[in-house]
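Q: I have this chain open and want to talk through its fold with you. Could we start once it is on screen?
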Amino acid sequence: MRQLLTVLAAATLLAACQKAPAPIAQAPASPPTASTPRPGPVQPPATIDAYKLLVAQQIMDANPQHTFSGRLPPMLPAIVVLDLSVERDGSLKNVRVHRSRDNEASKAALAAVRRVPAAFPPAAQLMRGRDKTLDFSETFLFNDEYRFQLRTLSGPQ
């Protein structure tokens with residue numbers, strides 16, 4: 001019984017030492033003005049997976065009329081794997097079809113990447129010493145209407 005009281009007393013003392021989290025103050029949303037500081041630069045991605053997420057989102061944002069969201073169909077009529085090479089500054093050096101069985105879907109996937117209006121995020125932080133490009137693949141998953149989702153963003157189905 002004495003041990004139980006000692007443990008309860010110690011637990012009570014420890015609980016009393018904890019600070020309650022400070023409430024998070026939220027400023028009202030207002031449009032930026034000349035006197036409002038703008039947010040700083042976006043942190044560069046630390047991993048290739050984080051980089052691929054940013055690139056995939058840029059591709060999707062540049063192609064809203066060519067994409068679909070939601071659950072993938074049980075049978076995908078076309079799957080295209082593209083190999084992308086991005087230079088240190090984020091500019092696209094090369095894109096090519098790695099694997100495909102559907103020529104029209106391949107053309108659509110290549111066009112989707114080339115539709116991205118600006119450079120991708122800088123990739124220098126993910127490259128080793130003398131590497132000139134960051135090379136990775138992206139998989140385009142097409143439905144019956146030749147609209148696509150990107151495997152990087154589609155998540156588990």
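What follows is a chat about the fold, the sheet, the core and a few single residues.

Q: What kind of model is this, and how are the residues numbered?
A: This is a predicted model, in which local features need pLDDT of at least 70 and side-chain atom pairs count only at pLDDT 80 or more, while totals for chains, interfaces and linings use all residues. Residues are numbered from 1 along each chain as its sequence is written, and side-chain values use heavy atoms, with hydrogens and water left out.

Q: How many helices and strands does the protein chain have, and what pattern do they follow?
A: There are four helices and four strands in the protein chain, and along the sequence they follow the pattern α-α-β-β-α-β-β-α. Helices here are DSSP runs of H or I with at least four residues, and strands are DSSP runs of E with at least two, numbered from the N terminus.

Q: In what order do the four strands sit in the sheet?
A: The open sheet has the order β2-β1-β3-β4, with antiparallel pairing; two strands pair if DSSP finds at least two bridges between them. β2 and β4 stand at the edges with a single partner strand each, so one side of each is left without a neighbour in the sheet. From one strand to the next, the twist averages 30°, where axes are lines fitted to C-alpha atoms, for helices over the stretch in contact, and angles run from 0 to 180 degrees between N-to-C directions.

Q: How many bridges join β1 to β3?
A: 10 bridges join β1 (residues 78–87) to β3 (residues 133–142), and the two strands run antiparallel. In that pairing V80 stands opposite F140 of β3.

Q: And how many for β1 with β2?
A: Six bridges link β1 and β2 (residues 92–99), again in the antiparallel sense, and L84 stands opposite V95 in β2. Their hairpin has four residues between the strands, and there G90 takes a positive phi near 100°.

Q: What about β3 and β4?
A: β3 and β4 run antiparallel and are joined by three bridges, with F142 standing opposite F148 in β4.

Q: Which strands does α2 touch?
A: α2 packs on the sheet and touches β1, β3 and β4, its direction making about 55° with that of β3; contact means heavy atoms within 4.5 Å. α3, in turn, lies across β1, β2, β3 and β4 and runs at about 30° to β1.

Q: Which residues of α2 are buried, and what do they pack against?
A: The buried ones are Y51, V55, A56, I59, M60 and A62, where buried means under 20% relative accessible area, exposed over 50% and partly exposed in between, with a 1.4 Å probe and protein chains only. They pack against β1, α3, β3, β4 and α4 (151–154).

Q: Switching to the largest nonpolar core, which residues touch the most other members?
A: Among its 27 residues, those are I59, L82 and F140; a nonpolar core is a set of buried Ala, Val, Leu, Ile, Met, Phe, Trp, Tyr and Cys residues joined through side-chain atoms within 4.5 Å. α2 (48–62), β1, α3 (103–114), β3 and β4 (148–150) each supply at least two residues of this core, and the largest share, six residues, comes from α2. Not counting residues up to four places away in sequence, F140 touches residues that include I59, L82, A109 and F148.

Q: Is N63 buried or exposed?
A: N63, in the loop between α2 and β1, is buried, with a relative accessible area of 0%. Leaving aside neighbours within four places in sequence, N63 is in contact with A112, R115 and F148.

Q: Where is Y146, and what phi does it have?
A: Y146 is in the loop between β3 and β4, and has a positive phi of about 60° although it is not a glycine. Most residues other than glycine have a negative phi. Y146 is partly exposed, with a relative accessible area of 36%.
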